[in-house]
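Me: I have a structure open and would like to learn how to read its features. Could you walk me through it?

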Amino acid sequence: MPKADTRTLLREGDGGLVRRTTLPGGLRVITEHVPGVRSVAFGVWVNVGSRDEAGKAMGSAHYLEHLLFKGTHRRSALDISASIEAVGGDLNAFTTKEYTCYYARVLDADLPLAIDVVCDVVTDALIRTEDVESERGVILEEIAMHDDDPTDIVHDEFAAAMFGNTPLGRPVLGTIDTIEGISRSVINGFYRRRYRPGAMVVAAAGSLDHATVVRLVRKAFAAVLDGESLPRPPRRAGRPPRRAASVKVTTRATEQANLVLGVPGLARNDPRRYALSVLSTAFGGGMSSRLFQEVREKRGLAYSVYSYSQGFADDGLFGVYVGCLPAKVDRVLDVCLTQMEWLAADGLTADEIARGKGQVRGGTVLGQEDTGARMTRIAKSELHGDPLLGIDDLLGRVDAVTGDDVREVARDLLSVPTTLAVIGPFDETTTFNAVG
């Protein structure tokens, strides 16, 4: 078998070491040794998500997340879960619009078991007809549970209003119709085509030795490695389409109205993302944020209010969420739109920028004091083809954000028509003040 290529990507000041080995078949193994811990987070990240589905395959990526735990040639569904739980570990998975992750967190002594189980699940799933049928009901229940929570579904409705009938505008879970209609052959075909070593990144962080992880992963993937394949390139950024203002109203007999108001945002590798992070945090990221003060503290219009941003390979969004009484929606929208207009015109004050930077800095550092978060950071960097920055470098980029940077990104993003999604006791033809 061809020789693997190993490189050191990063040496942290605290002794942390990030190394990457590319195995035959294009499978990338990236690890971070974290001093002073006794656990390891291990994950297999697949560069496939719901935006890769088309036609009859809608819902396949999330369906597979369920089916891969139903059994392999070596393990039953019970064997898979019990083996990790017997050593006090956690085993789980999640699907997004652009990738899927299968992961475990265990004590360092149990890392060989975690690697064997997770890799077995990913590479040797049976995808049996009886499992597809039994899990169909489970997924329909998951969709029903999701649809019963308006604080969740309003974000799906906002994405649908923002991106329209495109892969980014469709729900990750699929719909009742697509899940009821999808066949075993479609799901199995999606699995066989998409779950190739070159489309995967294996990541681990914690108390580990890189060479040992590579050896164990190579053994676990031995049956599917192909020496002629290369790593799948990261998704290419394109030019997002122009969008007109839109309002999407979903009628529900709820006591509270849930709404998301927003605009197109930045792609995840846009250099302005650090300025947007500071802007979003200061604008609506905490109790001292402008939105919290204006909407809740000064006027008592809502209990929950915040802003957020999300970036994809070629697009993004920036939104404001509010939950309020239905009678207060127009007043809430008036306050939010006014603050967004002022933000676009004047940016943030020096005090707001300082608080925003402090929150981003603290969140960055505190978030990395967990092996799961560290594993996620190195995996996403590799999967997306982004440079892997050390914590000090990340903090430096946040510190470098200026008031002009914030004003520029605010002006660019907020000087366009807004999109609104509302769930509540409204007629679907209801119009709302000042949106457009």
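Reply: Gladly! Let's begin with contact, which means heavy atoms within 4.5 Å. This is a predicted model, where local features need pLDDT of at least 70, side-chain atom pairs count only at pLDDT 80 or more, and totals for chains, interfaces and linings use all residues. Residues are numbered from 1 along each chain as its sequence is written, and side-chain values use heavy atoms, with hydrogens and water left out.

Me: Which strands does helix 11 lie across?

Reply: Helices (H or I, at least four residues) and strands (E, at least two) are DSSP runs, numbered from the N terminus. Axes are lines fitted to C-alpha atoms, for helices over the stretch in contact, and angles run from 0 to 180 degrees between N-to-C directions. Here, helix 11 (residues 329-346) lies across strand 9, strand 11 and strand 12, at about 25° to strand 9. Helix 5 (residues 150-163) lies across strands 8, 9, 10, 11 and 12, at about 35° to strand 9.

Me: What is the strand order of the open sheet?

Reply: Strands of a sheet pair through backbone hydrogen bonds, either parallel or antiparallel. Two strands count as paired if DSSP finds at least two bridges between them. This open sheet has 5 strands in the order 8-12-9-11-10, with mixed pairing. Strand 8 (246-251) and strand 10 (304-311) are at the edges with a single partner strand each, so one side of each has no neighbour in the sheet. Strand 9 (residues 257-264) and strand 12 (residues 419-424) run antiparallel, joined by 5 bridges; Leu259 stands opposite Val422 in strand 12.

Me: How many aromatic pairs are there?

Reply: Rings of Phe, Tyr and Trp (its six-membered ring) pair if their centres lie within 6.5 Å; planes under 30 degrees apart are stacked, over 60 edge-to-face and the rest tilted. The count comes to 11 aromatic pairs. Among them, Trp45 and Phe94 are edge-to-face, 5.7 Å centre to centre with 85° between the planes. Trp45 lies in strand 4 (residues 39-46) and Phe94 in strand 5 (residues 90-95), so the pair ties together parts 49 residues apart in sequence. Ring pairs link Trp45, Phe94, Tyr99 and Tyr103 into a cluster.

Me: Is Trp45 buried or exposed?

Reply: Buried means under 20% relative accessible area, exposed over 50%, partly exposed in between (1.4 Å probe, protein chains only). Trp45 is buried at 0%, whereas Phe94 is partly exposed at 30%.
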